Amino acid sequence: MIKSFVKALRKPTAQGRIGGDNPIAVLDIGSNSVRLVIYERHVRALTPLYNEKVACGLGRGIAHSGELNAKGVERALTGMRRFAMVCELTKVETLYVLATAATRDAKNGAEFITAVQEIMGVEVQILSGEEEAHYAALGTLAGMPNQRGLLGDFGGGSLELAGLDGDNVFGGESYTLGAIRLQDDSDDDALKALELARKQLEQSPLIRNQHLPEFVAIGGTWRALAKLHQITHEYPLSMVQGYRVDAPDMLALCDHVLKRAKKGELPEEAQSLSSNRRTLLPFGAAALKAVLEIGAFSSVKFSALGLREGYLFGQLSDDDQRADPLLLACRDYSLLRSRAPAHSADLSAFTSAFFTQLRIEESGALKRLREAACLLSDVSWRGHPDYRGAQAVDLVTLGSFVGLDHAERAYVAMVLAARYNGLKAKKLGHDHILNLCKESHRDHALTVAAIYRVAYLLSAAMPGVLNQLSWLADDEKLYLCIPKGLEFLAAEKMIRRFDQLASLVDRQAEIRIN
């Protein structure tokens with residue numbers, strides 16, 4: 001019925017989609033939930049096309065019965081019938097179905113897997129604990145290139161650990177310390193769950209033998225803890241990806257959650273979380289407290305990418321894996337939303353030449369962020385003139401970019417806010433977001449924005465103009481060199497902005513006609 005209905009439909013197309021490859025999907029069958037994510041295409045910078053989960057609790061009670069929860073199985077299979085239709089409707093080319101702790105450990109797991117395969121039409125891959133750890137670690141590196149630390153993926157039925165060292169993944173351990181498993185094994189006593197977690201994790205070779213300063217946390221319950229921390233600290237961004245907290249601060253939050261749990265309560269701020277996550281929050285706090293104390297980590301960083309993204313990342317070529325996910329995603333945005341995507345290359349060269357002539361040193365990290373800002377500098381041109389800056393800032397700070405932390409998001413946002421709204425602090429707006437930008441990066445961001453403000457008046461956002469111009473500088477003056485025949489580019493408004501740019505670098509502006 002579904003397939004015959006879908007075959008009668010035309011292939012879905014849209015101007016807002018990147019052409020070429022067909023969608024790819026991963027169905028992740030966990031102990032707490034079953035989630036389908038369909039990605040626009042299989043590339044280094046994944047873009048979710050569809051994302052839905054069913055909170056079914058497959059692993060509920062498995063420690064005592066040895067079987068998947070019957071009601072959970074029914075909910076999961078019902079959800080998968082809808083997932084199968086969605087995959088057909090979106091023309092998914094390849095579907096991967098991954099099963100983790102609950103299915104792996106259950107006596108009736110094979111029966112469930114057979115039912116899943118009949119519905120989804122593909123073979124289910126049952127991952128070992130070590131494989132879960134490996135792919136979760138790869139997913140972290142997919143979103144946080146060059147990350148160092150110990151990774152923990154806290155699911156419903158198990159906790160996986162792996163080491164991260166740049167682009168290297170090592171180790172791979174699995175413990176029966178998932179949120180549902182801890183709740184069941186502790187008879188719903190979070191303090192008892194803390195002792196159970198300590199007892200297992202004290203035996204971890206990875207925690208004992210590796211001296212890594214940062215713990216990287218994955219998993220819905222731990223992400224809920226991160227969101228709770230953001231709410232209690234009135235943090236301006238609600239996204240978890242790249243959110244870093246000092247370990248003592250996170251331990252204080254865990255203690256607060258456990259203290260309230262002892263009284264049968266939750267922190268008031270937890271009411272904003274989903275009901276499913278709220279009930280498991282104390283057990284996430286127990287496991288995270290045990291990890292941070294035993295490992296003596298200095299900080300904890302949260303990742304929204306994990307097993308699904310890691311599985312797809314692992315299938316890419318070495319060259320694709322080494323590509324920069326931030327710049328790739330920004331190029332896609334530029335292609336979809338800029339007036340002339342090729343202009344960003346001119347703008348990048350124009351800004352780079354400015355810093356070279358002024359002998360202003362740029363770190364590799366700042367060059368990369370400048371390149372990202374160049375690619376995004378024209379994506380809000382369709383907006384109302386009074387709100388283009390706000391749209392650009394929202395795109396950067398709320399977009400699903402990976403490969404950058406929150407301070408770096410704020411840097412790019414500051415460049416775009418100043419590009420549209422002007423260089424004066426009172427005109428920038430978005431103080432709550434822009435204050436996340438590092439103080440040492442602010443002057444650089446404003447200088448880049450000031451160059452943009454000159455460049456867009458010169459080029460009208462079209463390629464082929466900026467590459468005919470050049471910069472010169474001495475100790476007193478900044479020269480914008482314009483070829484003969486293009487003198488008319490030195491318009492009044494552009495000259496005013498050129499004066500602003502020169503003043504930022506303590507020089508006088510002068511037009512030179514070659």
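A charge counts as over a ring if NZ of Lys or CZ of Arg is within 6 Å of the ring centre and within 35 degrees of the ring normal. Arg-512 sits over the face of Tyr-479, at 4.3 Å from the ring centre.

I note that this is a predicted model, where local features need pLDDT of at least 70, side-chain atom pairs count only at pLDDT 80 or more, and totals for chains, interfaces and linings use all residues. Residues are numbered from 1 along each chain as its sequence is written, and side-chain values use heavy atoms, with hydrogens and water left out.

I then went to the aromatic pairs, of which the structure holds twelve. Rings of Phe, Tyr and Trp (its six-membered ring) pair if their centres lie within 6.5 Å; planes under 30 degrees apart are stacked, over 60 edge-to-face, the rest tilted. The ring centres of Tyr-333 and Phe-401 are 5.1 Å apart and the planes are at 45°, so this pair is tilted. Tyr-333 is in helix H15 and Phe-401 in the loop between helices H18 and H19, 68 residues apart. Helices (H or I) are DSSP runs of at least four residues and strands (E) of at least two, numbered from the N terminus.

I checked exposure (buried is under 20% relative accessible area, exposed over 50%, partly exposed in between; 1.4 Å probe, protein chains only). Tyr-333 is partly exposed at 22%, whereas Phe-401 is buried at 3%. Phe-350 and Trp-471 form another tilted pair, with centres 4.8 Å apart and planes at 40°. Both Phe-350 and Trp-471 are buried.
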